[in-house]
Amino acid sequence: MVKAVWIKHAAQLVTLANKVTGPRIKEAMSDLAIIANGSVWLEDGIIQAVGTTKELEVEYASRATEADIIDATGHLVTPGLVDPHTHIAFGGSREREFEMRLEGVTYMDIMNAGGGIHATTRMTRNATEDELVRQTTIRLDSFLAHGVTTIEGKSGYGLDLETELKQLRIMKRLQKEHPMDIVPTFMGAHAVPTEFKGREEEYVNLIIYEMLPVVAKEKLAKFNDVFCEVGVFTPEQSERILEAGKLYGLIPKIHADEIEPYQGAELAAKVGAISAEHLLKASEEGVQAMAEKGVIACLLPATALYLREDAAKGRAMIDAGVPVAISTDCNPGSSPTTSMPLVMNLACISMRLTPAESLCAATYNAACAIQMEDKVGSLEVGKQADVVLWNVQSYQQLQYLFGVNHVKTVWKKGMQVIG
């Protein structure tokens, strides 16, 4: 029988307890609901009690022998981090392209020459399912080691029915075999495959009439994402794909305004997307439309850094009333990282989020971006027992001491998986 876990004497227990429905905006992103000398009781995979150590000692003193007692004196305790945007299931790597970009070749030039997404598509198509499971498991383990307990995972490196399904089925398999919660997104509209060059509308029709029905029938995805970008999918094509997905019960997401301004933020608002991703070049009108419709901005500061681009205007988006989440964008080409702590640091440094806003964006708001806020993203009674103990005393130190993994211990559904 698995023992209960009693974490006591946390210098800061960051609960993010939220009485507001939906993602946090503006000042609410800074309300972390911190309990000094905090304590939390985990049992049967669920958070059973949260409060001061004194309060829980009164309530649980008679049951102390039933629990593993963790002395968190001098440590920060937070919810497990949530990464709402990854491309985790893929084959191979693209380190040569990193060198090419440093030599002056642009991301889109590489892609248009058959590299980029197309290179990973070839490697993913050629990989066996077992090989993809092995590679993806390594990444999932690394995420856990960095305090991430829930992720979203996209397909999009198949660009044909067989391989898109292979990616999604791998994530479904790993959801059962790995401690991590994996929320799947179908992204057949990640790029137009090379064999459809000059026949882009045929590929759009393939997604709508052949891929989406099978994905929906097998219940392989919760969301439907599209790369709306110059040279990839037009706003009109993107809208068709996202609206078609809605007919099958798939919730829209959109890669928007990453490389050039392209009305992606406006489209996210128009189709009722749960989130718009990247947004480096989003217009003020698009940002305002997202605020009005409650579309979550999923910002990816590590990607901007890796591509040597200016980061999205996170500060301005929060001030405009847009709910903001942040993510690694873990992928082989533009952000090969599993470090959400680094992403939190970068959100402060390059996008001017405060340390509190950054932590909210990596937990509660990130959970909202994948419709998991009823289970994860905060430390509240009845939610999953996903908890991280950090080797720092405060959330301010967590953001201040950048580029270091401060994780000491991670519990996933009450089971210790790291530390």
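How many nonpolar, polar and charged residues are in the lining of the largest cavity? Let's work up to that. One caution before we start: this is a predicted model.

First, the cavity itself. The structure holds 1 cavity of 30 Å³ or more. The volume of the largest cavity is about 110 Å³. Its lining is made of 14 residues.

Now the opening question. By class, the lining has 4 nonpolar residues, 7 polar ones and 3 charged ones.

Next, the record. UniProt, in an unreviewed entry, puts the feature "binding site" at R94, Y157, H190, E258 and S334. And where do those residues sit in our model? R94, Y157, H190, E258 and S334 are included in the lining of the largest cavity.

Take R94. Look in the loop between β6 (81–83) and α2. Is R94 buried or exposed? R94 counts as buried, because its relative accessibility is 7% and the cut-off for buried is under 20%. What does R94 touch, leaving aside neighbours within four places in sequence? The contacts are Y107, G116, I117, A119, T120, M123, Y157, P332 and G333.

Y157 is on that list, and it is our second residue. Y157 sits in the loop between β7 (148–154) and α6. Its relative accessible area is 2%, so Y157 is buried.

Now helix α4, residues 117–126. Which of its residues are buried? They are I117, H118, A119, T120, T121 and T124. I117, A119 and T120 were among the contacts of R94. Here is a general point about helices. An α-helix has 3.6 residues a turn, so residues three or four places apart point the same way. Back to our helix: what covers the buried residues of α4? The cover includes the helices α2 (95–102), α3 (107–112), α5 (129–145) and α6 (161–177). The strand β9 (223–228) is part of that cover too.

One last stop: S339. It lies in the loop between β13 (324–326) and α13 (340–351). S339 counts as buried because its relative accessibility is 12%. Not counting residues up to four places away in sequence, S339 touches H146 and T328.

To recap. R94 is buried at 7%, and Y157 is buried at 2%.

Terms used. Residues are numbered from 1 along each chain as its sequence is written. This is a predicted model: local features need pLDDT of at least 70, side-chain atom pairs count only at pLDDT 80 or more; totals for chains, interfaces and linings use all residues. Side-chain values use heavy atoms; hydrogens and water are left out. Buried means under 20% relative accessible area, exposed over 50%, partly exposed in between (1.4 Å probe, protein chains only). Helices (H or I, at least four residues) and strands (E, at least two) are DSSP runs, numbered from the N terminus. Contact means heavy atoms within 4.5 Å. UniProt positions are given in the numbering used here, feature names are shortened, and annotations may be inferred rather than shown by experiment. On a 1 Å grid over the protein atoms alone, a cavity is a set of points where a 1.4 Å probe fits but cannot get out, and a pocket is an open set with protein on both sides within 12 Å along at least five of seven lines; lining residues have an atom within 4 Å of a point. Grid points are joined across faces, edges and corners, and a volume is the space filled by probe spheres set on the points. Ala, Val, Leu, Ile, Met, Phe, Trp, Tyr, Cys and Pro count as nonpolar, Asp, Glu, Lys and Arg as charged, and the others, Gly among them, as polar.
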